[in-house]
Amino acid sequence: MFARLGIKSVGIMGMCFGAKAALKAQAAGIVTGPVVGVHPSFISAEDGDNAIAPVLLLPSIDENKDEMKAFEDAISKKPFAEKCSMVFFDDLRHGFLGARGHAPEASDYSNPTTANRAAVALKTAMDFFAANM
């Protein structure tokens, strides 16, 4: 569909389980460009093995560190590994970039720290897409 429209590359950003869905879409070739996963859930080494383009993960303090490490180890073997990145937001809770999280303060943008860090995450994602599209 995208090729018929003259679109050469499509990237996708998913939050929480949406990050897993974005990785699955990339692995299936539905999305051929980069993936950004924000406070990603249920990430595995298999997701790294199946990636076909650069991936940026932005985990919070609540994400499973073992899952993140397994993914990182797997994607480090890819020919595009140098374009992949993982930026930890260990000072923010799961859901910090979404409408809600499992903690009330997760996406409370009246808190200047949360708002500023969320802005950093968005800029990081935009810069990643700009560099990899």
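Which residues of α4 are buried?

Analyst: A quick word on the ground rules. This is a predicted model, so local features need pLDDT of at least 70 and side-chain atom pairs count only at pLDDT 80 or more, while totals for chains, interfaces and linings use all residues. Residues are numbered from 1 along each chain as its sequence is written, and side-chain values use heavy atoms, with hydrogens and water left out.

Now the helix. α4 runs over residues 112-132, 21 residues in all, and spans 30 Å from first C-alpha to last, close to the 30 Å expected at 1.5 Å a residue. (Helices are DSSP runs of H or I with at least four residues, strands are E runs with at least two, and both are numbered from the N terminus; the expected span is 1.5 Å times one less than the number of residues.) The buried set is T114, A118, A121, A125, F128, F129 and N132. These residues take up an arc of only 100 degrees around the axis, which puts them on the same side of α4. "Buried" here is under 20% relative accessible area, "exposed" is over 50%, and "partly exposed" sits in between, using a 1.4 Å probe and protein chains only; the arc comes from the directions from the helix axis to the C-beta atoms.

Turn to the face pointing away from that buried side and you find exposed residues: P112, N116, M126, A130 and A131.

What sits over the buried side? The cover includes β1 (12-15), β2 (35-38) and β3 (55-58), where contact means heavy atoms within 4.5 Å. Those strands belong to an open, parallel sheet of four, in the order β1-β2-β3-β4. Its edge strands are β1 and β4 (85-86), each pairing on one side only. Two strands pair if DSSP finds at least two bridges between them.

β2 is covered on both faces: V35 and G37 on one side, V36 and V38 on the other, all of them buried. Four bridges tie β2 to β1 in parallel, and G14 stands opposite G37. Getting from β1 to β2, the chain passes through helix α1 (residues 17-27) in a right-handed β-α-β crossover. Right-handed means that, with the strands pointing away from the viewer, the path from the first strand over the helix to the second runs clockwise. On its other flank, β2 pairs with β3, again parallel and over four bridges, with L56 as the bridge partner of V36. β2, α2 and β3 make a right-handed unit too.

α1 has its own buried residues, namely A19, K20, A22, L23, A25 and Q26. Their cover includes β1, β2, α2, β3 and α3. Just past α1, G29 takes a positive phi of about 80 degrees.

Most residues other than glycine have a negative phi. H39, in the loop between β2 and α2 (45-50), has a positive phi near 35 degrees. H39 is also buried, at 3% relative accessible area. Beyond its neighbours within four places in sequence, H39 has contacts that include M15, C16, L58, H94 and F96. F42 lies in that loop between β2 and α2 as well, and has a positive phi of about 60 degrees. F42, though, is exposed, at 56%.
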